[in-house]
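Thanks for taking a look at this one with me.

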Amino acid sequence: MRLSQFHLHTTKETPSDAELTSHRLMLRAGMIRKLASGLYIWSPLGLRVLRKVERIVREEMDRAGAVEMQIPTLQPRELWDATGRWEKFGNQLLKIKDRKEQEFCYSPTAEEAITEFARQELSSYKQLPVNFYQVQTKFRDEIRPRFGVMRAREFLMKDAYSFHLHDEDLVREYENMKAAYTRIFTRLGLEFRMVQADSGAIGGDASQEFHVIADSGEDALVFSTGSDYAANMEAAVAAEPSARPLPAETLRKVETPTQKTCEAVAGLLGIELQRTVKSIALMTDAGFALALVRGDHDVNEIKLAKAPGLAGNRFASEAEIVEHLGSVPGFLGPVGPAKAIRVVADPEVAAMADFVVGANEAGFHLAGVNWGRDLPEAEVADIRNVREGERARDGGELKIARGIEVGHVFQLGRSYAQALNATVLDENGKAATLSMGCYGIGISRIVAAAIEQNHDDAGIIWPDAMAPWQVVVCVINPKGDTGVSAAASELLEALRAGGLDAALDDRGLRPGAMFADMELIGIPHRVVVSERGLAAGTFEYRSRSASEAESLDRDSLMRKLL
Ligand code: ATP
Ligand code: MG
Ligand code: MG
Ligand code: MG
């Protein structure tokens with residue numbers, strides 16, 4: 001590739017609406033351009049990186065035995081009605097009508113469509129197990145599209161769906177996919193962690209996420225040094241408290257609270273829910289919890305006794321509790337009859353509803369559930385507080401890191417196949433509902449996540465596997481007829497023959513501008529061909545992550561690069 005024939009367009013300015021480093025750098029490097037909110041054009045440069053990620057994902061999916069196919073992005077309403085997700089998916093689902101007034105959605109994920117395919121295609125257990133995958137554009141009408149392609153509305157996802165007769169087969173394929181994902185993120189050269197996850201709107205039983213570790217990540221992850229325990233805070237909250245560390249420092253907005261949430265939290269706390277309960281439970285490591293009731297109930301119905309670890313009765317009376325709550329930042333005031341405790345730590349959250357407060361020995365921490373809206377999915381907020389260095393239940397130390405979710409695997413079970421009536425004949429000739437797994441990777445998000453993890457003041461630092469080119473040969477003064485162009489072309493061919501993805505910067509820029517571009521767009525290896533170097537029989541080599549360049553003769557250079 002000769003860059004004089006390519007389209008590179010870098011800029012020095014930092015766009016004002018780009019808050020996140022990766023977003024700024026992708027714009028400055030000219031990898032993406034905004035078309036509308038959450039919609040991005042991938043430039044030729046950006047696309048080279050996207051395709052590299054895609055290729056590795058494909059290779060490892062193929063190696064793992066999955067088979068590629070393609071599903072339309074537009075899908076008929078009837079299919080989504082059959083699983084209830086036309087409504088349940090909420091406003092993220094983009095709905096479209098055609099000229100005949102028939103309704104479609106733009107696929108945010110494809111469980112329905114693939115299950116329909118399985119229903120038509122699979123008739124016997126002998127065709128199982130099978131794992132279908134696609135690399136296809138998805139659309140989610142995100143409430144707050146932001147950070148460029150990190151949280152876009154239209155984005156590229158690899159989604160895979162496996163079908164099985166027996167649960168053991170599903171578990172085996174789930175493990176196979178986890179291994180494939182581990183190979184993918186290892187090959188991409190990223191620092192990542194697999195964590196227990198909440199399965200969210202997709203549903204199902206077991207679920208794990210893959211996160212690229214980066215301080216700017218939206219998710220808080222909690223690990224223990226005492227075991228393999230690693231979880232997304234979201235999932236840690238939903239889990240049984242005695243077996244899990246307490247979750248997160250961040251106050252997260254709960255979008256979808258219902259009675260089911262209430263029950264789930266009460267279950268966690270081992271407290272009994274009043275039928276009319278509207279507000280919720282306190283919990284703590286140190287041993288107190290209470291459920292608040294409102295409506296017909298008096299606040300005296302606060303249930304202290306049933307909470308785990310309450311024996312010590314740290315708080316003997318309501319007054320004592322209220323007094324203690326006074327030290328919670330943002331706590332609004334005392335609890336009166338028929339009132340909920342309100343904790344205001346974030347105005348957006350405060351507007352939403354009734355909250356839960358928790359405390360532990362280290363001080364007060366917040367946990368919350370919100371009842372404000374009548375939304376379909378139950379969810380528990382991860383607003384409890386865990387501090388780095390606290391003792392984990394397994395005796396280890398708690399570590400907290402931030403992560404960017406780049407992959408998610410789920411054991412879905414039979415719900416989709418049941419809803420869409422996808423069955424096969426089993427070994428005894430009897431119809432059996434298919435069991436299903438699903439496995440997503442955010443291909444376009446990986447590009448941004450890699451930059452979040454790998455950059456410096458000069459720009460992006462690509463891991464070799466993702467770089468638009470692994471090496472760029474920079475020609476100083478290509479138009480001067482001094483043999484530099486010929487020498488550089490010859491070197492380019494030799495590097496390519498050696499299997500490297502190499503480009504030639506023959507744009508004729510001044511060295512400073514040329515080097516700045518190559519650093520900004522993150523090329524891992526740079527070789528400079530100059531008249532002076534040629535005279536001395538050397539090339540100047542610099543690794544993107546090294547601070548100094550070195551002069552190497554041709555043999556040493558080739559040994560270094562190949
Ligand atoms: P998030 O929690 O970030 O909203 P999700 O859990 O809703 O993601 P999944 O349904 O698990 O996403 O989809 C599989 C993968 O698709 C995610 O792990 C993520 O990498 C990617 N992805 C999801 N939403 C977006 C988006 N808006 N923009 C880019 N990639 C996305
Ligand atoms: Mg989402
Ligand atoms: Mg998620
Ligand atoms: Mg997810």
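**A first walk through the model**

1. Three bridges link β4 with strand β6 (residues 103–106) in the antiparallel sense, and Gln75 sits opposite Cys105 in β6.

2. Before going further, please keep in mind that this is a predicted model: local features need pLDDT of at least 70, side-chain atom pairs count only at pLDDT 80 or more, and totals for chains, interfaces and linings use all residues. Residues are numbered from 1 along each chain as its sequence is written, while chains are lettered from A and ligands numbered from 1 in the order in which they are written.

3. Now for the overall picture. The chain's secondary structure comes to 16 helices and 25 strands. Of its 562 residues, 46% are buried (buried means 20 or more other C-beta atoms within 10 Å of the residue's own, exposed 12 or fewer, partly exposed in between, with C-beta atoms placed from the backbone). Among contacts with a separation of 6 or more, 66% are between residues 24 or more positions apart (a contact means C-beta atoms, placed from the backbone, within 7 Å).

4. Which residues touch the most other members of the largest nonpolar core? In this core of 106 residues they are Val53, Leu188, Ala450, Val473, Cys474, Val527 and Val529. (A nonpolar core is a set of buried Ala, Val, Leu, Ile, Met, Phe, Trp, Tyr and Cys residues joined through C-beta atoms within 7 Å.) Apart from it lies another core, of 11 residues, including Leu221, Val222, Tyr229 and Met233. Beyond its neighbours within four places in sequence, Leu188 contacts Val53, Ile56, Ile446, Ala450, Pro463, Ala465 and Met466.

5. Strand β8 deserves a look of its own. Since 11 of its 11 residues are buried, β8 is largely enclosed by the rest of the structure. One side carries Glu154, Leu156, Lys158, Ala160, Ser162 and His164, and the other Phe155, Met157, Asp159, Tyr161 and Phe163. Strand β7 (residues 130–139) pairs with β8 in the antiparallel sense over 10 bridges, with Val135 opposite Lys158. β8 is also joined to β18 by eight bridges, again antiparallel, and here Ser162 stands opposite Gly437.

6. What surrounds ligand 1? There are 17 residues around it, the closest being Phe155, His408, Gly440, Gly442 and Arg445 (near means a C-beta atom, placed from the backbone, within 6 Å). β8 (154–164), β15 (398–413), β18 (435–442) and α12 (443–453) each give two or more residues to this shell, and β15 supplies the largest share, four residues.

7. Helix α14 (residues 511–520) has Met514, Phe515, Asp517, Met518 and Leu520 buried. These pack against α1 (21–28), β20 (459–460), β21 (471–475), β22 (502–505) and β23 (525–529). Just after α14, Gly522 has a positive phi of about 80 degrees. β21 and β22 run parallel, joined by four bridges, and Val473 has Leu504 in β22 as its bridge partner.

8. Finally, some backbone details to check by eye. Most residues other than glycine have a negative phi, and most peptide bonds are trans. The peptide bond from Leu128 to Pro129 is cis, with omega near -5 degrees. Phe147, in the loop between β7 and β8, has a positive phi near 65 degrees and is buried, with 22 other C-beta atoms within 10 Å. Arg144 is in the loop between β7 and β8 and counts as exposed, with 8 C-beta neighbours inside 10 Å. Asn421 has a positive phi of about 60 degrees and is partly exposed, with 13 other C-beta atoms within 10 Å.

Note on methods. Two residues are in contact if their C-beta atoms, placed from the backbone, lie within 7 Å. Two strands pair if DSSP finds at least two bridges between them.
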